[in-house]
Amino acid sequence: MSPIRHELVPGYSISRIINGCWQLSAGHGPIAIDRAAVVDDLLRLIDGGLTTFDCADIYTGVETLLGELVRRYRERGGDPALEGLQIHTKCVPDLDALPQLSRREVTAIVDRSLQRLGVERLDLVQLHWWDYEVPGYVEVAGWLAELQHAGKIRLLGATNFDVSRLRELVDAGVDLVTLQTQYSLLDRRPEGDMRALCREHGIQLLCYGALAGGFLAEAYRGLDQAPAPDNRSQIKYRLILDQAGGWAAFQRLLDALAEVAGRHGASLANVAVRWVLERQQVAATMIGVRNANRLADNLQALELELDTQDEAKLASAVAGLRPLAGDPFDLERIPGGEHRRIMKTGLNRRPC
């Protein structure tokens, strides 16, 4: 199989770079999108081999947008069964709804995603749970498994679960294929117990944040300070950057990435993405898309091979960073914390 693709389960493969669609959400930033032009660009991504898209029921307007992509894909001759197009979504019940969440409401969430996307079966549904102090995530995962057996869902995954709660799902017999988690040179929290648990149970990692919201790019190298953020991704990853050691340590990492990139005739971002792709248990990384302008560069990351000299250089730069404590998404769960304040925990019941 071409290195551009990875088989999650027999008969179902994904592109190793997944088109992350958070940036297309109406709540992401101040820039409005031209929906028709965006769909044209998403079709170009498919033609280029990046056939897999990640969205969520709470990404305002995105499932509906991808439903338009499905329609256009079929109209131009794409197979009706969508074998050449994969759309991964999520089940993210609202924080204040968790204590009373019912099987009926979970079913309605899944049915709504089916309707928005215009499909008969969801390729992958990934469960997110805002507050572990509220019980119910194991039961909800079981309800999703029932919907899987009913033919509404092909595969199940989890997103942003920590090690102990992921183990609870596995011990309950939930057949999880993937875990979506944050993973980058700046944030290596999946290494250790999380990766070991996933390896033990055959759970593959779908990693977001490989470019740290775009910060791991040549445009930021050599700057004395970070520019003011203009969207939620940049706010989120600037916090990560600060906790990993601050701007000076970040610049040293960029210098190391640039040195490796120069040896390969690649971009700095290529190297950052390739580093994540070569970690154990990683099936794919997500790169945010607003258009197809970076298609060629993203494809180059899939052709890149890091050698021992490259790995040593990056390991030395990473050693100068401060490890983030805990598991991925732990910081976002702290009530009143900086990371929590940029989270929107009540979007599911709103029209989107």
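I began with the strand pairing: β5 (residues 86-91) and β6 run parallel to one another, joined by four bridges. A reminder to myself that this is a predicted model.

Next I looked for a residue pair across these two strands, and found Lys90 opposite Gln126 of β6. I then followed the chain from β5 to β6: it passes through helix α3 (residues 103-117), and this β-α-β crossover is right-handed.

I turned to the other neighbour I had noted, β7 (residues 153-159). It pairs with β6 over five bridges, again in the parallel sense. Here Leu127 stands opposite Ala158 of β7. The chain gets from β6 to β7 by way of helix α4 (residues 137-149), in a β-α-β crossover that is right-handed.

How many residues of β6 (residues 122-127) are buried? I checked, and six of the six are, so the strand is largely enclosed by the rest of the structure.

Last, I went to the helices. I looked up how α8 (residues 247-264) packs on α9 (residues 268-277): the angle is about 95° and the axes lie 8 Å apart. Angles of 65 to 115 degrees count as roughly perpendicular, so that is what I wrote down for α8 and α9.

Which residues make the contact? On the α8 side I listed Leu254, Leu257, Ala258, Val260 and Ala261, and on the α9 side Leu268, Val271 and Ala272. Sorting the residues of this contact between α8 and α9 gave me eight nonpolar, no polar and no charged.

Methods:
Residues are numbered from 1 along each chain as its sequence is written. This is a predicted model: local features need pLDDT of at least 70, side-chain atom pairs count only at pLDDT 80 or more; totals for chains, interfaces and linings use all residues. Side-chain values use heavy atoms; hydrogens and water are left out. Buried means under 20% relative accessible area, exposed over 50%, partly exposed in between (1.4 Å probe, protein chains only). Two strands pair if DSSP finds at least two bridges between them. A crossover is right-handed if, with the strands pointing away from the viewer, the path from the first strand over the helix to the second runs clockwise. Axes are lines fitted to C-alpha atoms, for helices over the stretch in contact, and angles run from 0 to 180 degrees between N-to-C directions. Angles under 35 degrees count as roughly parallel, over 145 as roughly antiparallel, 65 to 115 as roughly perpendicular and the rest as oblique. Contact means heavy atoms within 4.5 Å. Ala, Val, Leu, Ile, Met, Phe, Trp, Tyr, Cys and Pro count as nonpolar, Asp, Glu, Lys and Arg as charged, and the others, Gly among them, as polar.
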